[in-house]
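Hello,

Here is the structure I promised to pass on to you. Please open it alongside this email, and then read on for what turned up.

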Amino acid sequence: MFSNTHFSKAKKYWYMGKFYDWSEPIFHPMMHALHYGTSTFEGIRAYLTPHGPAIFRLKEHVDRLFHSASVIKMKVLPFTKEEIIQACKDVIRENGLDQAYIRPLMFYSYGNLGLVPSFCPIELLIGAWEWGAYLGETGDKGVFGCIVPKRRIHISQLDLSAKLGGVYVQSTINGLEARERGYDEAIFLNLEGRIAEGPGENICLIKNNVLHANSASESVLEGITRSSLLEIAPDLGLKTLIAPITKEDLFSADEAFYCGTAAEISPITKVADLSEKLENPPVYIIGSGKPGVLTMKLAEAYRQIVTGKNPKYEKWLAYVNK
Ligand SMILES: Cc1ncc(COP(=O)(O)O)c(C=O)c1O
């Protein structure tokens, strides 16, 4: 039996079309994904709107789940996109959640344990629970990021447009490393030595009223949050730039932030550079050293959209009860 201590308000999870009590384990220990990370997953959020809970950009997340499945060569998928969209809504409803993080996980299940999962069926589970700010409520302190010494896996080695379970081992190790050293979150450089992304977030800058993001060729996942922000930025009078981000761009930015479904928009106010492996790593203050004004405006605009208060972007919401 499992408790749900760190999964607030989670009562049931969905597995292959049925609901199970959160505390009920149903997997075989020899399932392929447990051993080799042969899974693909999504991180999605639902927010409370005037019309009840709505899931933000659900279609895009399910499209990405299928894309990831194709990258890891999953051939016979157990459910259609439409069925998964419905199941995500059902999970929110079944758990009585108003706002939630939703985690669909598609994986090579129990069959054989050779690296090639020839006899492993593909299975799907979906969990949902209430999950607050991923990087904590940092208030006007913002996030103290650190550029970790290990470089991000390179786009020439793995297709980083897919969210594959095993790939996240690198994120876990470096996320732990950053926290062990007293920082809030890691920042990866790519093999070229430029800023790539966080362990589970994109990184954006604002300088001279321009929102600056990098793209897939920099060995990053082009996140759905990042894309949404690039689309809404002009509404706030910001120009946009998609181009590589150097360390110097980051250190001299007016503002910087992490963005992603889990982290939402988290201002970066200080960055330590551990990449040169110096005994006393240099620390750079970003802008004023406080969460940036434009970053907070973007965050507020984003919040208005996800909570259904901006009709222009209602197209991005999938209402749970409709
Ligand atoms: C490595 C990585 N980069 C960026 C992101 C941000 O993506 P999204 O905004 O789609 O959540 C995520 C989260 O899914 C991620 O895992």
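**Around the ligand**

Helix H5 (residues 224-232) contributes the most to the shell around the ligand, with three residues. Helices here are DSSP runs of H or I with at least four residues, strands are runs of E with at least two, and both are numbered from the N terminus. In total, 13 residues surround the ligand, and the closest are Gly223, Ile224, Thr225, Gly260 and Thr261. A residue counts as near a molecule or strand if its C-beta atom, placed from the backbone, lies within 6 Å of it. Sorted by class, this shell has two nonpolar, seven polar and four charged residues. For these classes, Ala, Val, Leu, Ile, Met, Phe, Trp, Tyr, Cys and Pro are nonpolar, Asp, Glu, Lys and Arg are charged, and the others, Gly among them, are polar.

Before going further, two notes on reading all this. Please bear in mind that this is a predicted model, in which local features need pLDDT of at least 70 and side-chain atom pairs count only at pLDDT 80 or more, while totals for chains, interfaces and linings use all residues. Residues are numbered from 1 along each chain as its sequence is written.

Back to H5: its buried residues are Ile224, Thr225, Arg226, Ser228, Leu229 and Ile232. Buried means that 20 or more other C-beta atoms lie within 10 Å of a residue's own, exposed means 12 or fewer, and partly exposed is in between, with C-beta atoms placed from the backbone. These buried residues of H5 pack against H2, strand S10 (202-207), strand S11 (210-213), strand S13 (255-260) and helix H7 (293-306).

**The chain as a whole**

The chain has seven helices and 16 strands, and its C-alpha trace spans about 50 × 50 × 35 Å along the principal axes. Buried residues account for 44% of the 322 residues. Of the contacts with a separation of 6 or more, 71% are between residues 24 or more positions apart; two residues are in contact if their C-beta atoms, placed from the backbone, lie within 7 Å.

The chain is divided into domain 1 (12-129) and domain 2 (139-306), with bounds that come from an automatic or database domain assignment. Where they touch, 22 residues come from domain 1 and 13 residues from domain 2. On the domain 1 side, helix H1 (32-36), strand S3 (39-41), strand S4 (44-49) and helix H2 (58-71) each supply at least two residues. H2 gives the largest share of that side, six residues.

The largest nonpolar core has 85 residues, of which Ile55, Cys88, Ile102, Ile126, Ala128, Cys146 and Ile187 touch the most other members. Such a core is a set of buried Ala, Val, Leu, Ile, Met, Phe, Trp, Tyr and Cys residues joined through C-beta atoms within 7 Å. Domain 1 and domain 2 both give residues to this core, so it lies between them. Leaving aside neighbours within four places in sequence, Cys88 is in contact with Ile44, Ile55, Leu58, Ile102, Pro104 and Ile126.

**Two backbone angles to look at**

Arg57 is not a glycine, yet has a positive phi of about 50 degrees. Arg57 sits in the loop between strand S5 (52-56) and H2 and counts as buried, with 22 C-beta neighbours inside 10 Å. Lys9, also not a glycine, has a positive phi near 65 degrees. Lys9 is in the segment before strand S1 (12-15) and counts as partly exposed, with 16 C-beta neighbours inside 10 Å.

Best wishes
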